Amino acid sequence: MLTVHVRVTAADTGEVLPVRLRFVRADGQECVPLGHFRDFPTQRHEDVGGRVRLGRERWYYTDGTCEIPLPGGEPLRVQVVAGPDYQPYEETLTLGSGQLTLRLALQRRWNHRAAGWMALDVRCHDITPHLALREAAAEGLEVVQLLARRISFLSQDGHTYDIVPHLAAFSGQQPLLSRSPSCVYVNTLNEHPVLGRLALLHAHRPIFPLTFGGDDGDDWSLGDWCDQCHRKGGLTVWVEAFETTTMAGLRGGDALLSALLGQVDAIEVSAQPRHTPLLPWIYHLWNVGVLLPLVGASGKESNRQLLGQVRTYAYAPEGDWVRAIKMRHCCVSDGPLLQMQHHGDQVDAWAEPREEQALIELVADGEIVARGSGGVTAKLPAASWVAARLGGHRVGHTAPLLLRSEFARREAAAAHLRPLLERTREWIVQQGRFSQPKRRQALLDRVAAALARLDQPPCPSSPPPS
């Protein structure tokens, strides 16, 4: 075994590329870069970052250069990935006797940055900021949001303590770490065990309390968090939207109230498994005129999850990704970037890079109206809104594009959402624990306002430019 210096570059520019890679011998044994170990923990919160296990495959992150003990004279399977913009490299090669260097070049398929787009992972946890930055660069991400949250930690002394990793590193609107073109920000995930969870991004100060409910009582609201975040210049994202909580069976809670009352800016689509399908509920919201954009997140909290596995693409030539999301100039995807344009009644949607032959579906008012491989076109003279999504088992969806201000399916959608609000009101009255009666009444008033919102004709924002 010789220690071989490996360098990976972009074929078009010759620049060194941060990558995720693996080397495997013919007998299946993995060759590990120096500084890493073959075995590493894969449970939640355990030494997260710098490597990842996908199925049975172990991958290691490098800044584009590394040293690996490799055998000469026998076949090696080499796999290298540098995000969706580059063609993955996979080849079986044999090192010559005494060979001490290996140079690999990746072919670029597309350049989302040159086209004015930014790629973001809007929620991950437990990874160290420096390793988040390395993984972001290797996965083609410009922005990673590392969110501080309250968790329970079982100590070796037998006691369980509440801790908030990374809160002291809160950076808000400024990157905590950056190495062009990637940046890591630290913000917060705020949650109530029944009423919902919010990612509060880009606020210039932390928003407290990070949690309420349970032993702390319910004298707060998610709307309070949203208002604070907006006063501090931030972006509010509904996390685990419409997922049934284990404690009370609510599907929506105060987070749904906040969405209907205009206090939520976006809804997260993550790579984590769900108990409740998300898209039908999203379409109900859109059909009542609440055209919230979708943003992508990995929710990474272990070495079995890929940073940027589901990501946000935001069209932000000037770098203002917050405004791009609020203007619905964004999409979520597990790989290709989805784009959509309309000219009169005609709507076109396609994937970038163009050679990506993913199945694309056009959804109008919640129903699939057209599909095609790599791209699709349809005329929609009567639809209220339209969006494009990836078909099959892929994760990908554009924000909704408003075509007309009348929502033909508003009443049917409101009939699905109204029982969720009634169930939240029941919980407030029967199970909520309020030390201040006025706080209970304030939350009941929010339910009443949200119900009134469903009964009123929608007033959606104007469609963003195509």
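Student: What do the numbering and the values rest on?

Tutor: Residues are numbered from 1 along each chain as its sequence is written, and side-chain values use heavy atoms, leaving out hydrogens and water. The model is predicted: local features need pLDDT of at least 70 and side-chain atom pairs count only at pLDDT 80 or more, while totals for chains, interfaces and linings use all residues.

Student: Is helix 3 mostly covered or uncovered, and which of its residues are buried?

Tutor: Helices are DSSP runs (H or I, at least four residues) and strands are runs of E (at least two), numbered from the N terminus. Buried means under 20% relative accessible area, exposed over 50%, and partly exposed in between, with a 1.4 Å probe and protein chains only. Helix 3 is mostly covered, with eight of its eight residues buried: G253, D254, A255, L256, L257, S258, A259 and L260. Their cover includes strand 16 (196–201), helix 2, strand 17 (235–239), helix 4 (279–287), helix 6 and helix 7. After helix 3 comes G262, with a positive phi near 80°.

Student: At what angle do helix 3 and helix 7 cross?

Tutor: Axes are lines fitted to C-alpha atoms, for helices over the stretch in contact, and angles run from 0 to 180 degrees between N-to-C directions. Helix 3 (residues 253–260) and helix 7 (residues 437–455) cross at roughly 50°, and their axes come within 9 Å. Angles under 35 degrees count as roughly parallel, over 145 as roughly antiparallel, 65 to 115 as roughly perpendicular and the rest as oblique. Helix 3 and helix 7 are therefore oblique to each other.

Student: Which residues make that contact?

Tutor: Contact means heavy atoms within 4.5 Å. Helix 3 contributes D254, L257, S258 and L260, and helix 7 contributes L443, R446, V447, A450, R453 and L454. By class, six are nonpolar, one is polar and three are charged. Nonpolar here means Ala, Val, Leu, Ile, Met, Phe, Trp, Tyr, Cys and Pro; charged means Asp, Glu, Lys and Arg; the others, Gly among them, are polar.

Student: What does helix 7 pack against?

Tutor: The buried residues of helix 7 pack against helix 2 (222–231), helix 3 and helix 6 (410–430).

Student: How do helix 3 and helix 6 pack, and which residues meet?

Tutor: Their angle is about 125°, with the axes 9 Å apart. Helix 3 and helix 6 are therefore oblique to each other. G253, L256, L257 and L260 in helix 3 meet L420, L421 and T424 in helix 6. This contact has five nonpolar, two polar and no charged residues.
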